[in-house]
Amino acid sequence: MAQNVAQKLIDSHLVNGVPEPGHEIGLSIDQTLTQDATGTMVMLELEALGLTRINTELSVQYVDHNLLQTDEKNPEDHLFLQSGAARYGLWFSKPGNGVSHPVHQARFGRPGTTMIGSDSHTCAAGAIGMLAIGVGGLEIAMAMAGDPVYLQMPEIWGVELTGELPDWVSAKDVILEMLRRHGVKGGVGRIIEYHGEGLNDLTAMDRHVIANMGAELGATTSVFPADDAVGEFLTAVGRPEDFTELVADEGAKYDVEEHIDLSTLEPLIAKPSSPGNVVPVREVAGEEVYQVVVGSSANPGLRDFAVVAEILKDRQAHNQVSLDINPTSREILLDLTKGGWTFDLISSGARLHQSGCMGCIGMGQAPAVGRNSLRTVPRNFPGRSGTDEDSVWLCSPETAAAAALTGRITDPRDLELDYPTVQLPTFYSLNTEMLVPPLAEQDAQEVELVKGTNIKSLPEFDELPDDMDLPVLLRVGDNISTDEIMPAGSRVLPFRSNIPAIAEFVYIQVDDTYPARAQELGSGHAIVGGENYGQGSSREHAVIAPRYLGLRVVLAKSFARIHWQNLANFCVLPLEFVDPEDYLRIEDNAVLSFRGLHESLRRGNDITAMLEGKPLKLRHKLSDRQVEMVLLGGRIPQRAAQDTSAQPREEIKPAQPEG
């Protein structure tokens with residue numbers, strides 16, 4: 001039977017389950033990716049599991065999110081991560097080496113493999129024919145211990161691309177077009193597979209842009225074929241031997257089908273404060289702009305910076321605009337400099353920052369209140385920039401450069417310029433000096449974890465009670481993001497290794513009284529949400545911290561995939577309304593009563609709570625495996641009795657420069 005690329009990847013790694021939409025499947029995992037905002041929890045989870053050595057083919061710990069060292073917290077976390085990588089057998093990418101996703105694609109990514117990452121944009125690796133899925137950190141720790149990753153088998157959404165992109169339109173506009181059509185929930189429960197003759201003019205890094213922001217559609221992941229473009233990329237980064245062709249069979253079918261004629265696209269932009277709030281640039285042209293930020297995993301390629309430099313060459317950025325450039329890796333910075341583009345950017349008035357996520361995650365470059373900031377980043381959730389009342393727009397590098405020149409949102413086609421042709425090098429620079437390889441197992445056992453005063457062990461949580469009376473401490477609306485539940489930014493992220501401290505920031509952008517009220521209550525409580533609860537980042541802190549404050553149940557109309565899994569992993573019961581209108585029945589401080597919950601969970605998907613003496617019909621979507629996990633207190637207690645003695649697989653190394 002003819003198979004598409006996603007089916008081939010799943011079938012080659014399937015260890016249990018039936019790969020039909022809606023069924024739980026288990027997949028073996030070849031590689032893992034962790035970054036510093038989530039990786040410290042992974043290391044603490046490995047410690048809690050008592051693991052001695054990872055059991056993946058390759059795992060890499062990156063430091064790219066939290067690079068500002070304003071006190072001792074960040075450097076101590078970085079020392080802890082490096083000691084953990086050495087202790088457990090991971091590669092370690094040092095601070096300033098680059099953003100995890102493009103670095104991983106260049107140095108470690110391999111067509112035909114599976115990867116999970118404790119970052120929702122792990123799906124970017126689908127650009128080169130990998131099955132790469134963002135998950136919570138505990139899923140990473142379990143994969144390192146040798147467990148499969150479990151997920152509900154998604155539908156496969158085939159998006160056929162035809163035609164060629166016009167001048168001034170680039171890969172960012174392709175994914176913005178998908179978001180314009182479908183919004184932030186359009187990909188939930190789906191793998192997006194791009195195919196068609198329109199791929200012929202999209203490089204591997206163009207595909208990275210599109211695959212990366214599949215997370216904003218809510219998709220499980222995005223997949224491209226590993227074809228000649230991927231082969232050319234792996235050759236350019238010094239790894240031609242790692243290329244394996246992986247393409248869909250002739251006649252392959254998809255569960256859902258879509259078509260985009262690339263030649264019809266125009267420059268698009270996402271208005272504040274949602275990636276799904278997309279309109280044509282011309283519709284909002286003229287809005288004043290005070291900041292332009294170029295960089296992030298959503299536009300990480302050399303071309304994405306070089307095209308900005310070409311547009312700005314021999315010109316000066318507008319006086320009111322702060323133009324901030326975040327190179328995505330040391331290698332990109334090297335090639336920008338070799339090509340003369342670094343000098344063009346500096347001459348135009350741009351400020352060059354560290355190779356890392358920086359402004360994308362609110363670590364520096366926070367905008368002024370209410371002043372428009374145009375960014376090539378993947379997300380513009382409220383407050384994510386580091387400014388609570390921000391006004392962040394998402395756009396392509398071309399649109400960003402046009403605004404930098406004019407001081408206003410400008411359709412780049414209206415610039416009195418010829419569209420620049422960027423001549424990229426045949427071979428990219430190689431710089432692997434900041435990648436620290438794993439220690440030999442015998443040496444690794446001698447390594448002690450380096451724990452500073454801000455690093456606290458993972459809290460131990462009790463099992464799910466059979467009977468509960470839970471006051472509702474918070475009601476929120478649709479599309480609540482993990483950035484709103486657990487803010488990022490320079491004020492909060494330094495506490496990522498300290499759950500008691502970071503818990504004080506839970507939901508402060510929505511209701512700053514929540515942490516104090518939860519602590520004062522001193523017992524279990526519930527939160528009620530709308531559609532797509534927990535969209536966005538994979539960070540587990542958005543579950544662990546409220547769990548630490550006593551959260552036992554979240555009722556919502558629907559959940560985002562990663563957050564739903566994280567809730568179950570830490571024994572917070574995710575329940576959905578059978579009738580979404582019942583959301584309106586629940587008022588602040590209402591009390592939800594559950595009786596005989598254990599038997600109800602084991603018996604089926606229907607759960608009945610009592611609300612003010614009247615039944616409230618609810619349901620769960622947990623598999624039998626997850627039900628038992630929740631009843632035991634979460635994934636770590638469930639795993640405690642399992643065998644962790646599996647032998648590690650052979651490690652692989654990144655390409656080294658010749659000479």
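Select residues 522-578: their end C-alpha atoms lie 30 Å apart, and the span is 30% helix and 26% strand. Helices (H or I, at least four residues) and strands (E, at least two) are DSSP runs, numbered from the N terminus. The model is predicted, so local features need pLDDT of at least 70 and side-chain atom pairs count only at pLDDT 80 or more, while totals for chains, interfaces and linings use all residues. Residues are numbered from 1 along each chain as its sequence is written, and side-chain values use heavy atoms, with hydrogens and water left out.

UniProt, in an unreviewed entry, places the feature "domain: Aconitase A/isopropylmalate dehydratase small subunit swivel" at residues 522-578. UniProt positions are given in the numbering used here, feature names are shortened, and annotations may be inferred rather than shown by experiment.

**Helix H17**

Step back to glycine 522, which follows H17 and has a positive phi, near 70 degrees. Now select H17 itself, residues 514-521; its buried residues are Tyr514, Pro515 and Ala518. Buried means under 20% relative accessible area, exposed over 50%, partly exposed in between (1.4 Å probe, protein chains only). Looking down the axis of H17, the buried residues fall within an arc of 100 degrees, so they line one face of the helix. The arc is that of the directions from the helix axis to the C-beta atoms.

Contact here means heavy atoms within 4.5 Å.

**The sheet S11-S10-S9-S12**

Next, show the open sheet of four strands in the order S11-S10-S9-S12, with parallel pairing. Two strands pair if DSSP finds at least two bridges between them. Strand S11 (221-223) and strand S12 (256-261) stand at the edges with a single partner strand each, so one side of each has no neighbour in the sheet. Between S10 (residues 190-195) and S11 there are three bridges; glutamate 193 stands opposite valine 223 in S11.

Helix H6 (residues 171-182) packs on this sheet, touching strand S9 (155-162), S10 and S12, and its direction makes about 125 degrees with that of S12. Axes are lines fitted to C-alpha atoms, for helices over the stretch in contact, and angles run from 0 to 180 degrees between N-to-C directions.

**Strand S6**

Finally, select S6, residues 114-117: Thr114 and Ile116 on one side and Met115 and Gly117 on the other are all buried. Strand S3 (residues 31-34) runs parallel to S6, joined by three bridges, and threonine 32 has isoleucine 116 as its bridge partner. S6 also pairs with strand S7 (residues 131-134) in the parallel sense over four bridges; there, threonine 114 is partnered by leucine 131.
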